[in-house]
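Dear colleague,

I am handing over the structure below, and after it you will find my notes on what turned up when I went through it. Please read them with the coordinates open beside you.

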There are 2 protein chains.
Amino acid sequence: MKTVACVGAGVIGGGWVAHFLARGMRVVAWDPAPDAEEKLRRLVDAAWPALTELGLADHASKDNLSIAKTLAEATADAEFVQESAPEKLELKQKLLADIDDVTPPHVVIASSTSGYGMTEMQVAAKNPDRLVVGHPFNPPYLIPLVEVVGGKLTRRSAVEQAADFYRGTGKTVIVMEREVPGFIANRLQEAMWREALHMVANGEATVEQIDLSITDGPGLRWPVHGPLLTFHLAGGEGGMAHMLDHFGPSLKSPWTRLDAPELTKHLRDSVVQGCLAEADGRSIEDLVEQRDRAIIAIQRAVRDNHA
Amino acid sequence: MKTVACVGAGVIGGGWVAHFLARGMRVVAWDPAPDAEEKLRRLVDAAWPALTELGLADHASKDNLSIAKTLAEATADAEFVQESAPEKLELKQKLLADIDDVTPPHVVIASSTSGYGMTEMQVAAKNPDRLVVGHPFNPPYLIPLVEVVGGKLTRRSAVEQAADFYRGTGKTVIVMEREVPGFIANRLQEAMWREALHMVANGEATVEQIDLSITDGPGLRWPVHGPLLTFHLAGGEGGMAHMLDHFGPSLKSPWTRLDAPELTKHLRDSVVQGCLAEADGRSIEDLVEQRDRAIIAIQRAVRDNHA
């Protein structure tokens, strides 16, 4: 049975705890807040029915959670460390250095940071080469995505070890070759979030209208096809190539407050080729059929859930 | 049996045809393209199994579709007209004026435009007061959302008639009080689309990584909770108020190329109050439980569909 140390046990750290427990691991958690243990156990209790329904791994049990009194106790037997402390740079720098000090050598230490680069966080650690970003999504026990990326001082093998470790727990891993503030998915959802805030600030739409426009609109497509493959299907039988060649100029429309990039030949070709690679031989017709079946199932799932 | 005229029968117009037929209506379509009828019938055939599975209305049949030879023939018996022509302003202006000329008085004429305001489209029509925007999402036979908004010359009752008509066909209708380019959902998805294009253009992420980051990440939440209610849950038990009060400063982080609005007290309170109104008495705990159940069902639906 693998042992994972979870440092920080709030919404995200606690979500990781639930995930690792459900995958049959032993988890040692540490959090300096006085009421952390009570909140953590409540979070795990709340998540457990969902995790049970999804299917627990062999030997998975809430009893495999223990609470350490010190950071050193938490990491002593750990084969992997997941840090999920509050999103403050100086705090993360110091905490990662502290974790590094007390964790057995060669154990990879990952940070759940939602936006800092490891390069800026690893500055105080003695062994910065084993520090990586492993950014999850709320709730970490249900959303598969983890974005993995190292800093300038991180060794390549630590990135690979973290990616393998997460994959072994059933996660969808994206290994990023470059550090970008906010990584990938947070940049995308932040762009939407900021546009939403602008609309509320200007009285253009209410909070409820904004949310309804997504849950009953494009949000129904996004678990099936991401934003780019979605537009591959919006161009009809001509796909993304048709879409960009015909609607490219509308990129300049004042439809959001975010300026569009110049639609160069290179960008156009990258997006078209990327969509074709992703479609992986599936025709637009195949993709439409797949999307339609999935949307129906998703709508049913959401409706049954409301009922 | 109600009769609807669908002017323009491409991906969107054809999707509307499939939707209205499935809701038991008679549809008369008109499209000047020489191969329009063949493409339209193929689109309806492709959509019909999905619509049958969702449940057809009484008397729903593909045989209730007829193809008109002229625009006047298409609208002669129509009780509602849906225009879905290519997205070119001058074309829309002229076409809407032409439709207005041949359509019986008091029939509401809606445009599927994905971004133009009715104020700029209704300039050439003799009876601009019955022209409204009724903006659907692809595919219109599955995605419930329709954004309804009038122009400066549109009478209020036409907006209400259109909203009632769409609701009667099972649609989720958002009536906008103000014209905003791109309406609501397109502004939100365009902000994401532009940020995605910037990332591809800068070599920060591939098309496949971008799509995977959504389908296996935040995309799984959006059919359940829109972007704002999603963040209501990201703040833990303190909800959106905690989120804005503690993470407000991170709005300034360089996480997207879209600048954030100033987080004034007014904006903060609007968003917090909006989330509470939307939560409608449900605690964060209730919302988390509902979200988790829905995400599991959605993941199952998507996986079964892939298998």
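I begin with Val272(B), which at 8% relative accessibility counts as buried (buried means under 20% relative accessible area, exposed over 50% and partly exposed in between, with a 1.4 Å probe and protein chains only). Before going further, please note that this is a predicted model, in which local features need pLDDT of at least 70 and side-chain atom pairs count only at pLDDT 80 or more, while totals for chains, interfaces and linings use all residues. Residues are numbered from 1 along each chain as its sequence is written, chains are lettered from A and ligands numbered from 1 in the order in which they are written, and side-chain values use heavy atoms, with hydrogens and water left out.

Val272(B) is found in helix 11 of chain B; helices (H or I, at least four residues) and strands (E, at least two) are DSSP runs, numbered from the N terminus. Leaving aside neighbours within four places in sequence, Val272(B) is in contact with Met240(B), Ala241(B) and Leu244(B), where contact means heavy atoms within 4.5 Å. Val272(B) and His232(B) are separated by 40 residues in sequence, and their C-alpha atoms are 8.2 Å apart in space.

Helix 9 and helix 10 (residues 239-247) of chain B pack at an angle of about 85 degrees, with their axes 6 Å apart; axes are lines fitted to C-alpha atoms, for helices over the stretch in contact, and angles run from 0 to 180 degrees between N-to-C directions. That makes helix 9 of chain B roughly perpendicular to helix 10 of chain B (65 to 115 degrees, with under 35 counting as roughly parallel, over 145 as roughly antiparallel and the rest as oblique). By class, this contact of helix 9 with helix 10 of chain B has 5 nonpolar, 2 polar and no charged residues, where Ala, Val, Leu, Ile, Met, Phe, Trp, Tyr, Cys and Pro count as nonpolar, Asp, Glu, Lys and Arg as charged, and the others, Gly among them, as polar.

Next come the places where the two chains meet. His225(B), in the loop between helix 8 (207-215) and helix 9 of chain B, is buried, with a relative accessible area of 3%. Not counting residues up to four places away in sequence, His225(B) touches Thr215(A), Thr230(B), Leu233(B), Leu287(B), Gln290(B) and Arg291(B).

Thr215(A) is itself one of the buried residues of helix 8 of chain A, and because 7 of the 9 residues of this helix (residues 207-215) are buried, helix 8 of chain A is largely enclosed by the rest of the structure. The cover over those buried residues includes helix 7 (185-201) of chain A, together with strand 7, strand 8, helix 7 (185-201), helix 9 (227-234) and helix 11 (265-279) of chain B.

Helix 11 (residues 265-279) of chain A and helix 7 of chain B have axes that come within 10 Å and cross at roughly 105 degrees, and they are therefore roughly perpendicular to each other. Here Leu267(A), Ser270(A) and Val271(A) in helix 11 of chain A meet Leu197(B), Val200(B) and Ala201(B) in helix 7 of chain B, and the residues of this contact divide into 5 nonpolar, 1 polar and no charged.

Lastly, the sheets. In chain B an open sheet of 8 strands has the order 3-2-1-4-5-6-7-8, with mixed pairing (two strands pair if DSSP finds at least two bridges between them). Strand 3 (65-67) and strand 8 (172-175) of chain B stand at the edges, each with a single partner strand, so one side of each is left without a neighbour in the sheet. Strand 1 (residues 3-7) and strand 4 (residues 80-83) of chain B pair in the parallel sense over 4 bridges, with Cys6(B) opposite Gln82(B).

In chain A, strand 2 (residues 26-30) pairs with strand 3 in the parallel sense over 3 bridges, and Ala29(A) has Ile67(A) as its bridge partner.

With best regards
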